[in-house]
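Dear colleague,

I am passing on the structure below, together with some notes on what came out of going through it. Please read the notes with the coordinates open beside them.

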Amino acid sequence: MKTQVAVIGAGPAGMLLSEMLARAGIETVVLERQSRDHVLGRIRAGVLEQSTVEVLTRLGLADRLQAEGHVHDGMKIVWSGRSSFFIDCATHVGKRFTAYGQTRIQEDLFLAADRRDAQIEFEAEDLTLDGLDSAEPLISYRVGGQVRQLRCDFIAGCDGFHGVSRRSVPAGVLREYEKIYPFGWLGVLAPTPPLSEIVYANHPRGFALASMRNPQLARFYVQVPLSDSVDDWPDERFWPELIARFPPELAADIRPAPPVEKSIAPLRSFVTEPMQFGRLFLAGDAAHIVPPTGAKGLNLAVSDVTYLGRALASFYRTGHRTELDGYSTIALRRVWHSVRTSWYLTNLLHRFPEATDFDQRAQEYELEFLKATPSAQRALAEQYAGLPIEGSLAFLDALA
Ligand code: FAS
Ligand code: PHB
């Protein structure tokens, strides 16, 4: 087979890029290792930056998001069992967040792909990438035991942290920056009313987070040791621990209910530089990972593929590679700001194993300072709301 752009991975990055390119009249084939149902079964991100909502809206992909999404002016942080601080992005920077599950976005993107009869090969196994720095890269893979080959002009590596794309770049080309955190997040999805705001809790026993998917479906997280497994956290242990980490006036509104999903995710910060090699372009988790403390992972995937989609559309329209050659530079600016903000908030809100009472106090007084200092609040709100996606998004209107 031959196509213009081969997209590896049918997660949010791959499917959004495929949608953008299709609108620009650019042919794509998406190769996904898992089944469609497996991809739809993942419970992950839940908070969309305003720029993400704008991209989806300009592409006409936000009807259900507008109908079901829960718009917030910002997010609350609580600590010492009493104080609270609201990252008021609406007041400070005029931006709002929308709580809308990544699973919903995945459904919306697959429905859009069905409407355009998109070429997606699910359960594509054993992908190998060759000729990345040639004029016609080649992808070999197996589907149902049958070996297939796909020639293309470009490859978009949207295959997540454990994908094949980044690993296919010759040794010595990429520089990787990584920080592994000494704890994970136990996430629970439960059919119970969520708190009214998204609330982060700094507590001596460990971090906790209250979020939502809709008025009847709450999403909660507690920091757990890396050595823990889901089996160590039966419901009768999880709910009292979650409640203990919130101040009484909020804890009173947490109503335990049997979860529909429970999983533990490790936390890491990771960035690959550059995010391209030859005709391969990395986007989303294939290029970077952030601890979910900043609610940035999914939003960075959207900004990456917006830059990449705009650059590919420009190439096929003009024949010039200027924007493609500059993809990594422009994408990494927004990536590193989000990576730093997520790293800062993870250090501010979590209890590290080697932390002392001094460390706990220092965290609490940083939060007291933020609460008392409007200029510090504005700086944090600006980073937290997500920096603008650089350049014009008008190309999205032309695509819709
Ligand atoms: P994805 O990992 O979503 O998609 C990559 C796709 O490529 C997958 O479908 C995979 O099956 C496929 N693939 C992998 N290897 C392949 C191969 N060799 N061949 C073909 N296909 C291949 N972000 C937040 O903002 N908030 C959160 O709370 C949050 N929670 C998370 C919890 C977990 C457990 C994980 C893993 C991530 C979480 N994230 C969160 C981050 C997450 O939302 C990502 O940022 C987002 O999924 C990025 O999307 P993609 O880059 O498309 O990568
Ligand atoms: C979520 O709703 O899943 C969520 C919200 C905020 C975060 C991370 C995850 O920082």
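**Cores and ligand sites**

In the largest nonpolar core, which has 80 residues, the members that touch the most other members are Leu16, Met20, Val55, Ile139 and Ile155. The element that gives the most to this core is helix H9, residues 297-318, with 11 residues. There is also a second, separate core of 32 residues, and Ala295, Leu348, Leu367 and Tyr384 are among its members. Please keep in mind throughout that this is a predicted model.

Leaving aside neighbours within four places in sequence, methionine 20 is in contact with Val55 and Leu59, with Val305, Thr306 and Gly309, and with Phe395, Leu396 and Leu399.

Turning to the ligands, ligand 1 is surrounded by 29 residues, of which Glu32, Arg42, Arg44, Gln102 and Asp285 are the closest. By class, 14 residues of this shell are nonpolar, eight are polar and seven are charged.

Several backbone atoms come within polar-contact distance of oxygen atoms of ligand 1. A backbone N or O atom of alanine 13 lies 3.0 Å from an oxygen atom of ligand 1, while for glycine 297 a polar backbone atom is 3.3 Å from an oxygen atom of the ligand, and for leucine 298 the corresponding separation is 3.2 Å. Taken alone, ligand 1 exposes 990 Å², and the protein buries 86% of that area.

Around ligand 2 there are 13 residues, and those that come nearest are Tyr200, Ser211, Arg213, Tyr221 and Pro292. This shell divides into seven nonpolar, three polar and three charged residues. Strand S14 and strand S15 (217-225) each supply at least two residues of the shell, with S14 giving the most, namely three residues.

The polar contacts of ligand 2 involve both side chains and backbone. An N or O atom in the side chain of tyrosine 200 is 2.5 Å from an oxygen atom of ligand 2, and an N or O atom in the side chain of arginine 213 is 2.7 Å from an oxygen atom of the ligand. A polar backbone atom of threonine 293 is 3.4 Å from an oxygen atom of ligand 2. Ligand 2 exposes 280 Å² when taken alone, of which the protein buries 97%.

Arginine 213 deserves a paragraph to itself. Arginine 213 lies in strand S14, residues 208-214, and counts as buried because its relative accessible area is 13%, where the cut-off is under 20%. Not counting residues up to four places away in sequence, arginine 213 touches Arg44, Ala45, Gly46, Gly101, Leu189, Arg219 and Tyr221. With arginine 44 there is a polar approach as well, in that the backbone oxygen of arginine 44 lies 3.0 Å from a polar atom of the side chain of arginine 213.

With best regards

Technical notes. Residues numbered from 1 in each chain as written. Chains lettered and ligands numbered in written order. Predicted model: local features only at pLDDT ≥ 70, side-chain atom pairs only at ≥ 80, totals over all residues. Heavy atoms only, no water. Helix = DSSP H or I, 4+ residues; strand = E, 2+ residues; numbered from the N terminus. Buried < 20%, exposed > 50% of the residue type's maximum accessible area, 1.4 Å probe, protein only. Contact = heavy atoms within 4.5 Å. Polar contact = N/O pair within 3.5 Å; in protein donor to acceptor, adjacent residues only side chain to side chain. Core = buried A, V, L, I, M, F, W, Y, C linked by side-chain atoms within 4.5 Å. Near = heavy atom within 4 Å. Areas by Shrake-Rupley, 256 points an atom, 1.4 Å probe, with all protein chains shown as cover. Nonpolar A, V, L, I, M, F, W, Y, C, P; charged D, E, K, R; others polar.
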